[in-house]
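User: I would like to learn how to read a structure one feature at a time. Please give the general idea, then the case at hand.

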Amino acid sequence: MPSLSLLLYLAMLTLCYGAKEKPELSEEIKEIIQHVHNECVGKTGVAEEDIANCENGIFKEDMKLKCYMFCLLEEGSLVDDDGNVDYDMMVSLIPDQYTDRVLNMINGCKHLDTPDKDKCQRAFDVHKCSYSKDPDFYFLF
C-alpha cells in the first residue's frame with residue numbers, strides 16, 4: 001500500500017488540475033483526501049467556502065484557513081517536529097509527468113517559508129504564491 005504522505009501529497013499537488021482538468025482518482029485516494037480534509041477542518045474550524053475560494057485565487061486573510069493549509073502538510077507527514085516543511089520529500093513524491101510544474105511552484109515559492117513567521121502563515125504564503133505561479137495547476141482540497 002502506498003504511504004499516507006505519498007497519497008496526501010499527490011492529492012495536494014498532482015490533482016492540481018482543479019476545476020480545469022480533474023484526473024480520475026481511486027476510491028482509496030478519495031477516502032484519504034476526505035479523511036484528511038475532515039480532520040483539518042475539524043482542527044481549524046475553517047469555512048469550506050474559504051477553502052474552495054483558493055482555487056479561484058481568493059486567499060482570505062484568515063488564521064483558520066492558514067492553519068488548515070499547514071494541517072494538510074502535517075497530516076501528510078511532510079513537516080518535522082519543529083514545523084519545517086520537507087520540500088525535497090515533496091518533490092520526490094511527484095510523478096515524473098508533474099515534476100517540472102511542481103518544481104516551478106515549489107522553487108518559486110519556498111523562499112516565503114521563513115522562520116520569522118508562524119507555521120500557518122508560512123504555509124499560507126507558499127500556497128498563495130504557488131497559485132500565482134501556476135493557477136491552472138493549483139488545487140486545495
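Analyst: Start with burial. A residue is buried under 20% relative accessible area, exposed over 50% and partly exposed in between, with a 1.4 Å probe and protein chains only. Next, elements: helices (H or I, at least four residues) and strands (E, at least two) are DSSP runs, numbered from the N terminus. By these rules helix α7 is mostly covered, with eleven of its 15 residues buried.
This is a predicted model, in which local features need pLDDT of at least 70 and side-chain atom pairs count only at pLDDT 80 or more, while totals for chains, interfaces and linings use all residues. Residues are numbered from 1 along each chain as its sequence is written, and side-chain values use heavy atoms, with hydrogens and water left out.

User: Which residues of α7 are buried?

Analyst: Among them are C120, F124, V126, H127 and Y131. D125 is on that list too, at 16% relative accessibility.

User: What span should α7 have, and what is the distance between its end C-alpha atoms?

Analyst: The expected span is 1.5 Å times one less than the number of residues. Helix α7 covers residues 119-133, so its 15 residues should span 21 Å. Its end C-alpha atoms are 21 Å apart, which agrees.

User: How many helices and strands does the protein have?

Analyst: Seven helices and zero strands. From the N terminus the order is α-α-α-α-α-α-α. Of the 141 residues, 49% count as buried.

User: How do I read a salt bridge, and how many does the structure hold?

Analyst: Side chains of opposite charge can pair when their charged atoms come close. The cut-off is a side-chain nitrogen of Lys or Arg within 4 Å of a carboxyl oxygen of Asp or Glu. The structure holds six. One of them joins K60 and D50, with the closest N and O atoms 3.5 Å apart. K60 lies in the loop between α3 (48-54) and α4 (63-75) and D50 lies in helix α3, so the pair ties together parts ten residues apart in sequence. K60 is partly exposed at 42% relative accessible area, whereas D50 is buried at 8%.

User: Where do E61 and K66 stand, buried or exposed?

Analyst: E61 is exposed at 54%. K66 is buried at 6%. Their side chains meet in a salt bridge of 2.7 Å, N to O. K117 and D125 also form a salt bridge, at 2.7 Å, N to O. K117 is partly exposed at 21%.

User: Which residues make up the patch of negative charge?

Analyst: Patches take residues with over 30% relative accessible area and no salt bridge, and join like charges within 9 Å. Asp and Glu count as negative. Each charge is placed at CG of Asp or CD of Glu. Areas come from the Shrake-Rupley method with a 1.4 Å probe. Here D80, D81, D82, D86 and D88 gather on the surface. D81 lies in the loop between α4 and α5 and is exposed at 84%.

User: How far apart are D136 and N56 in sequence and in space?

Analyst: They are 80 residues apart in sequence and 9.5 Å apart in space, C-alpha to C-alpha. D136 belongs to the segment after α7. D136 is partly exposed at 39%.

Note on methods
Patch = residues over 30% accessible without salt bridge, like charges linked within 9 Å, V, L, I, M, F, W, Y side chains within 5 Å.
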